[in-house]
Amino acid sequence: QWVKRKLGKPTICEHCQKKDKKLHWANKSHKYLWNVTDWISLCAKCHGKYDSGDTRGAIKKNYA
């Protein structure tokens, strides 16, 4: 909720550029810092890939 209050509702996936209804704020560092620059807007599919072990590096390297 903190991220949504600070950054608003996400409008586009920063990885695939889709304007999906199911957009999330994903944490870049996976440390959940109270820093708005540590968050990225991703669709549900890209967020799952970003957080998964096998493909995490492939997407994460673009935003870390």
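Guide: Let us begin with one residue and its surroundings. Setting aside neighbours within four places in sequence, Asp38 is in contact with Ala26, Asn27, Lys28, Ser29, Tyr32 and Leu33. The model is a predicted one.

Visitor: In which part of the chain is the place of Asp38?

Guide: Among the contacts of Asp38 are Tyr32 and Leu33. Leu33 is itself found in the loop between β1 and β2, and Tyr32 lies in that loop too. The place of Asp38 is likewise in the loop between β1 and β2.

Visitor: Which side chain of opposite charge is nearest to Asp38, and how many Å away is it?

Guide: Asp38 is buried, yet it has no salt bridge. A salt bridge would need a side-chain nitrogen of Lys or Arg within 4 Å of a carboxyl oxygen. The nearest side chain of opposite charge is that of Lys28, at 6.5 Å.

Visitor: Which residues does Leu33 touch, not counting those up to four places away in sequence?

Guide: Leu33 has a relative accessibility of 40% and counts as partly exposed. Its place is in the loop between β1 and β2. With residues up to four places away left out, Leu33 touches Trp2, Asn27, Asp38 and Trp39.

Visitor: Trp2 also belongs to an aromatic pair. What is the geometry of the pair formed by Trp2 and Trp34?

Guide: The count of aromatic pairs comes to two. In the pair of Trp2 and Trp34, the centres are 5.1 Å apart and the planes make an angle of 75°. Planes over 60 degrees apart count as edge-to-face, and the pair is therefore classed as edge-to-face.

Visitor: How many residues apart in sequence are the parts that this pair ties together?

Guide: Trp2 lies in helix α1 (residues 2-7), whereas Trp34 lies in the loop between β1 (23-27) and β2 (39-43). The pair therefore ties together parts whose separation in sequence is 32 residues.

Visitor: Are Trp2 and Trp34 buried or exposed?

Guide: The relative accessible area of Trp2 is 19%, and that of Trp34 is 69%. Buried means under 20% and exposed means over 50%. Trp2 is therefore buried, while Trp34 is exposed.

Visitor: Which element gives the largest share of the largest nonpolar core?

Guide: This core is made up of eight residues: Cys13, Leu23, Ala26, Ile40, Leu42, Cys43, Cys46 and Tyr50. The elements that contribute two or more residues are β1, β2 and α2. The largest share, three residues, comes from β2.

Visitor: How far apart in space are Glu14 and Cys43, C-alpha to C-alpha?

Guide: Glu14 is found in the loop between α1 and β1 and is partly exposed, with a relative accessible area of 37%. Glu14 and Cys43 are 29 residues apart in sequence. Their C-alpha to C-alpha distance is 8.3 Å.

Visitor: How are the buried residues of α2 arranged about the axis of the helix?

Guide: The buried residues of helix α2 (residues 44-51) are Cys46, His47 and Tyr50. Seen down the axis of α2, these buried residues fall within an arc of 100°, so they line one face of the helix.

Visitor: With which residues is His47 in contact, leaving aside its neighbours within four places in sequence?

Guide: His47 lies in helix α2 and counts as buried at 15% relative accessibility. With those neighbours set aside, His47 is in contact with His24, Trp25, Ala26 and Leu42.

Visitor: Finally, in what order do the elements of the protein chain run?

Guide: The protein chain has three helices and two strands. Of its 64 residues, 30% count as buried. From the N terminus on, the order is α-β-β-α-α.

Methods: Residues are numbered from 1 along each chain as its sequence is written. This is a predicted model: local features need pLDDT of at least 70, side-chain atom pairs count only at pLDDT 80 or more; totals for chains, interfaces and linings use all residues. Side-chain values use heavy atoms; hydrogens and water are left out. Buried means under 20% relative accessible area, exposed over 50%, partly exposed in between (1.4 Å probe, protein chains only). Helices (H or I, at least four residues) and strands (E, at least two) are DSSP runs, numbered from the N terminus. The arc is that of the directions from the helix axis to the C-beta atoms. Rings of Phe, Tyr and Trp (its six-membered ring) pair if their centres lie within 6.5 Å; planes under 30 degrees apart count as stacked, over 60 as edge-to-face and the rest as tilted. Lys and Arg count as positive and Asp and Glu as negative; His and the chain ends are not counted. Contact means heavy atoms within 4.5 Å. A nonpolar core is a set of buried Ala, Val, Leu, Ile, Met, Phe, Trp, Tyr and Cys residues joined through side-chain atoms within 4.5 Å.
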